[in-house]
Amino acid sequence: MRRQLEGSRAIAETVACCRPGVIPAYPITPQTHIVEALGTMVRKGQLAPCRFLTVESEFAAMSAAIGASLTGSRAYTATSSQGLLYMTEAVFNAAGLGAPIVMTVANRAIGAPINIWNDQSDSMALRDSGWIQLHAPDNQAAADLHVLAFRLAEELSVPVMVCVDGFVLTHAFEPIDVPEQEIVDAVLPPYRPRQVLDPDDPVTIGAMVGPEAFTEVRYLADRRLRSAPPAFERIAAEFAEAVGAPQRRARCVQDYRATGADTVVVALGSVTGTLRDVVDSIDGVGVLTITMYRPFPAEEIRAVLVGARRIVVLERALAPGASGIVTSDVRSALAGLDVPVQTVIAGLGGRPIGAASLRELLARPGLEDVTFLDLREDVIDRELGRETVREPIAERDGEAAVESAGERAGA
Amino acid sequence: MPAQSVKFYQVGSRAVGNRLLDAELRTEQSSAERRNSITSGHRACQGCGEALGARYVLDTAERVTGGRLVTVNATGCLEVFSTPYPESAWQVPWLHSLFANTASVASGVAAALEAQGRTDVRVLAQGGDGGTVDIGFACLSGMFERGDDVLFVCYDNEAYMNTGVQRSGATPAYARTATTEAVGPIPGSRPGQGKDLPRIAMAHEIPYVATATVAELRDLEAKVERAMSMRGPRYLHVLVPCPLGWGSAPAETVHLARLAQRSGLFPVFEAEHGEVTSVLPIRDRIPVEEYLRPQRRYAHLFADPPRTDLIERIQQIADRNVARYHLDPHEIPHEEGA
Ligand SMILES: Cc1ncc(C[n+]2csc(CCOP(=O)(O)OP(=O)(O)O)c2C)c(N)n1
Ligand code: SF4
Ligand SMILES: [Mg+2]
């Protein structure tokens, strides 16, 4: 049944239906509503016997999730931005240990300058941590993806990050259908860990591996991660059938009038809706939404983009000094094809991505390799102007050094 | 299999040997039935106090829990020497995640066991002094404060040994390490109290805090047993000499641990809910010099000319411990209001 719900609330209720065993949580905007709601449910006994841990940091949150997961409990946590970076070491570790944790990342910019608003710099920074990364295009998908995430994580023994644009989705009220308990139970069997701490069968987990086998360990992890796309498609189909809503069937990549289009805009996350509206009124332009960003579904993407004459990648993050992160992935997926791939950096630190700007952008006759959408040239010019009149720091240092040397000489 | 009369007994000049005791009073280590939680063949240095301490602690914990124990281990010597792939010395369920997060991982394990109703299985977390007092401190304090049901054991060899003997927050004053070389006007580690983690743990008013050394085997085993008889966060801090880092003879490990205790530099006590409940009195105190001299990490104090001023400062630290914990059995009890 569809109800008017905040995105965070729908995610929390869906996670609750997944019967988590342990939820370690630490507050950070815009993720807080999710864990607050879960904490209250645990308090009320609605999730018994689930344990909710108020830990002292995100690093502890991910670490406790690792401990719980490897002790045989379904573990869930959520974070954003600085919190994700703060737990980075444990994020990589969870993947290395094969702990099938599910974590929501309410995407938010990374400081400095500190900024609580949405972009995807946080999850992008951890794209190579060995986790499966799913990006929700809308709030219904944000809820549904959590069920798929637990099932996928546990089938493959790999952790899954569900990335949801902060505020844009987490704080938006929309009609959302939280999947019913029976449906979730049918799709998601009880957690059977691949490795577990158990006195009846003692195992050593997390041993040290040297040069003689480390490459093989990494090779196998890569191989396992690469098996995710078909598994995801299968589980998503099963889930869509269980909820009786074919339109809710998630895919690794979603093709909206993209196959055969002249220009295809590639994007991740909540900008999908705006983009689809925009291309509806432009001939020959389609949208390709990447839901599974890691492992990177290169084959699926190439299959859609193979006939396009121009590809525009809309990036909600910036790799300083190297521009577009998703662009590089898309380019490598298209190796050998003679097609321009242009980067549009948009929506950084919460700047809205408006339909008018997108329409204007797509109508431009020539697009540079890298374009910053809605860049405020006046601010840039003013700042650059001030920098040229500022005294270079090296000279000031030199003067000071001469002065103090003089003082010393005189003393 | 009938128990052999004596396999292993407490060593050291002043110890009462096991062979003089009734079988049921003997230490776990002297029992043919001991669990060998960390079995032989691991890669620790000869005379490694940490290997010794871990075996003592875990064998006892295994016995008193009836083998219903899972362990979480920090990065450090203990982890590295015990699990070179594809081998493992561990006979207990054992998880290593990272250097800093051991207490949090253990909190997660305890939460999972509770959620699953498997409260018969107990959790023991362990790490070195660096993993405990420095990088793992926030996680440990959180575990204490939340009241999680974990025994955390710190094997204190007073430096970052696994990376080649660098100073940690537990390195004692004037000890030479690779990052506090014995050069300059104040050689070795900076003077001060370091991070006194047992007292910081006590400030959390957790059910149980204890210190011990690998020299007093019976005392150490009794403390593990006491700790495992309780629930909630518990902390055990064990002094474990490291021949490599301390520059001491491998055969001197147990002896040095005893000298540390007898000098007053390492006070051995128990505390419950923030209050000291018992101490190991020092009946035959030695000057700190006797403990410092056999260790190469203090060699600069005994050079020519000797740094008697610094030795005196160390003596003051020992004196302060003796007074604070009332370690002198001949001390005249302080009368209230007198
Ligand atoms: C985050 C992080 N920083 C640094 C290290 C390097 N490192 C590994 S073991 C170790 C020293 C461990 O010292 P301690 O905890 O005292 O244990 P010991 O080896 O002395 O028993 C260090 C610094 C690491 N593994 N992880
Ligand atoms: S360096 Fe010290 S702590 Fe590490 S194995 Fe050797 S003796 Fe043990
Ligand atoms: Mg150490």
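What follows is a short tour of this model, which is predicted.

## Hidden spaces

Let's start on the inside. Rolling a probe the size of a water molecule over the atoms shows where empty space is left. How many cavities of 30 Å³ or more does the structure hold? There are 2 of them.

The largest cavity has a volume of about 520 Å³. Its lining is made up of 29 residues, and the ones closest to the centre are B:E158, B:Q193, B:L265, B:F266 and B:N321. Three elements of chain B give two or more residues each to this lining: α6 (197–203), β6 (234–239) and α11 (308–325). Which element gives the most to the lining of the largest cavity? That would be α11(B), with 4 residues. Sort the lining by class and you get 16 nonpolar, 8 polar and 5 charged residues.

The second largest cavity holds about 70 Å³ of space. You can find it in the view by looking for the residues that line it: A:Q120, A:M124, A:A267, A:L268, A:V271, A:L314, A:E315, A:R316, A:A317, A:V326 and A:I353. In terms of class, that lining splits into 8 nonpolar, 1 polar and 2 charged residues.

## An open pocket

α8(A) gives the most, with 3 residues. As for the make-up of the lining, 15 residues are nonpolar, 6 are polar and 4 are charged.

Next, the surface. A:L318, A:L348, A:F372, A:L375, A:I380 and A:L384 make a nonpolar surface patch of about 450 Å².

Take one of these residues, A:L375, as an example. It sits in chain A, in the loop between β16 (370–372) and α15 (377–389). Is A:L375 buried, exposed or partly exposed? A:L375 has a relative accessible area of 38%, so it counts as partly exposed.

Two peptide bonds deserve a look. The bond from A:G111 to A:A112 is cis, with omega near 10°. A:A112 belongs to the loop between β5 (102–107) and α6 (121–125) of chain A. Over in chain B, the bond from B:Y85 to B:P86 is also cis, and its omega is near 5°. You'll find B:P86 in the loop between α2 (77–82) and β2 (94–96) of chain B.

A:S81 is not a glycine, yet its phi is positive, at about 45°. This serine is in helix α4 (residues 81–86) of chain A. Because its relative accessible area is 0%, A:S81 counts as buried. B:E205 has a positive phi too, near 55°, and is likewise a residue other than glycine. B:E205 is in the loop between α6 and β5 (208–213) of chain B. Is B:E205 buried or exposed? With a relative accessibility of 56%, B:E205 counts as exposed.

Finally, here are two pairs to check in the 3D view. B:A201 is in helix α6 of chain B, and its relative accessible area is 0%, so B:A201 is buried. Along the chain, B:A201 and B:T102 are 99 residues apart, and their C-alpha atoms are separated by 16 Å.

The other pair is in chain A. A:R294 lies in strand β13 (residues 292–294) of chain A. It has a relative accessible area of 10%, which is under the 20% cut-off, so A:R294 counts as buried. How far apart are the C-alpha atoms of A:R294 and A:D198? They are separated by 32 Å, for two residues 96 apart along the chain.

Note on methods:
Residues are numbered from 1 along each chain as its sequence is written. Chains are lettered from A and ligands numbered from 1 in the order in which they are written. This is a predicted model: local features need pLDDT of at least 70, side-chain atom pairs count only at pLDDT 80 or more; totals for chains, interfaces and linings use all residues. Side-chain values use heavy atoms; hydrogens and water are left out. Patches are made of residues with over 30% relative accessible area and no salt bridge: like charges are joined within 9 Å, nonpolar side chains (Val, Leu, Ile, Met, Phe, Trp, Tyr) within 5 Å. Accessible areas come from the Shrake-Rupley method with a 1.4 Å probe; for residues, only the protein chains shown count as cover. A salt bridge is a side-chain nitrogen of Lys or Arg within 4 Å of a carboxyl oxygen of Asp or Glu. Buried means under 20% relative accessible area, exposed over 50%, partly exposed in between (1.4 Å probe, protein chains only). On a 1 Å grid over the protein atoms alone, a cavity is a set of points where a 1.4 Å probe fits but cannot get out, and a pocket is an open set with protein on both sides within 12 Å along at least five of seven lines; lining residues have an atom within 4 Å of a point. Grid points are joined across faces, edges and corners, and a volume is the space filled by probe spheres set on the points. Ala, Val, Leu, Ile, Met, Phe, Trp, Tyr, Cys and Pro count as nonpolar, Asp, Glu, Lys and Arg as charged, and the others, Gly among them, as polar.
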